[in-house]
Amino acid sequence: MDIVEGSIAAAAAVFSGWAAYSAMRAAKSSDRNAQTANRTAELAFQTAEAVAQIERDRWHSALTPQLAMRQQPDGLELRLTGPAAIGRLQVDLQVRDDRDRSNDANIGTTREQRAEVIWGPKRFRPGVDQADSEGRTVGPLFLEPGDMTRVATDPSPRPSWYEGVDGEQRWRQQYRDERMRLWAVCTAEGHKPWRLSFEVPRGGHWTTTGPIAQV
């Protein structure tokens with residue numbers, strides 16, 4: 001190879017190397033740009049989803065069922081006052097104990113025995129209005145805005161270890177002035193359920209929706 005050919009070959013090698021280097025830099029730049037674009041698109045999607053979730057939560061909160069309950073001598077009355085946009089509502093009720101007694105160290109009783117007791121003044125009448133055999137739950141009940149329904153209730157039975165006439169009296173005295181505590185799980189088509197709490201006083205006074213809990 002003479003000097004000219006060698007110079008040409010060297011120049012070609014240099015040019016080829018530079019071209020390869022430039023191509024590599026362009027590829028890396030293109031890859032960085034693609035990664036940046038992907039991150040930007042992902043961030044935009046996450047932001048849009050977060051905004052949409054905030055709007056869904058706001059709408060869900062705005063549609064919280066406006067329920068009212070009151071105790072009558074022979075039953076519990078339930079009224080749906082709104083909102084009108086909610087349409088037909090399914091309501092399932094559950095009696096709540098006055099407090100959690102699962103870990104009470106009562107002498108002579110087991111956790112299972114305490115769990116069988118409805119620790120409160122009232123229960124639903126077993127077998128009526130689709131109440132369970134213990135009177136703990138009732139439903140489903142269906143209401144349109146403006147509707148009212150009634151479910152039968154009875155005094156809660158005393159625990160088996162409250163023995164004799166004195167035991168019955170002690171049990172009634174224990175809950176003489178207590179409210180009936182309830183969970184109301186409300187379901188409407190196209191919406192997540194709402195879980196609402198109630199403490200319904202004696203005397204026929206209406207009480208409205210309490211704090212909202214997650215389902």
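Colleague: Which residues does Leu93 touch, not counting residues up to four places away in sequence?

Modeller: Keep in mind that this is a predicted model. Leu93 touches Met69, Leu76, Phe124, Arg136, Thr137, Val138, Leu141, Trp183 and Ala184, with residues up to four places away in sequence left out.

Colleague: How should I read a nonpolar core, and which residues of the largest one touch the most other members?

Modeller: In soluble globular proteins, nonpolar side chains tend to be buried together. Here the largest nonpolar core has 27 residues, and Leu67, Met69, Leu76, Leu93, Phe124 and Leu182 touch the most other members. At least two residues of this core come from each of strand 1, strand 2, strand 3 (89-95), strand 5 (137-143), strand 7 (180-187) and strand 8 (194-200). Another core, of five residues, lies apart from it; Trp119, Tyr162, Trp171 and Tyr175 are among them.

Colleague: Now the sheet. In what order do the five strands stand?

Modeller: Strands of a sheet pair through backbone hydrogen bonds, either parallel or antiparallel. In this open sheet the order is 4-6-2-1-9, and the pairing is antiparallel.

Colleague: Why is one side of strand 4 and of strand 9 left without a neighbour in the sheet?

Modeller: Strand 4 (122-124) and strand 9 (207-208) are at the edges with a single partner strand each, so one side of each has no neighbour in the sheet.

Colleague: How many bridges join strand 1 to strand 2?

Modeller: Seven bridges link strand 1 (residues 66-72) with strand 2 (residues 75-82), and Gln66 stands opposite Gly82 there. Strand 2 also pairs with strand 6 (residues 148-155) over five bridges, where Leu76 faces Val151. Strand 4 joins strand 6 through three bridges, with Arg123 and Asp154 as bridge partners.

Notes
Residues are numbered from 1 along each chain as its sequence is written. This is a predicted model: local features need pLDDT of at least 70, side-chain atom pairs count only at pLDDT 80 or more; totals for chains, interfaces and linings use all residues. Side-chain values use heavy atoms; hydrogens and water are left out. Two strands pair if DSSP finds at least two bridges between them. Helices (H or I, at least four residues) and strands (E, at least two) are DSSP runs, numbered from the N terminus. A nonpolar core is a set of buried Ala, Val, Leu, Ile, Met, Phe, Trp, Tyr and Cys residues joined through side-chain atoms within 4.5 Å. Buried means under 20% relative accessible area, exposed over 50%, partly exposed in between (1.4 Å probe, protein chains only). Contact means heavy atoms within 4.5 Å.
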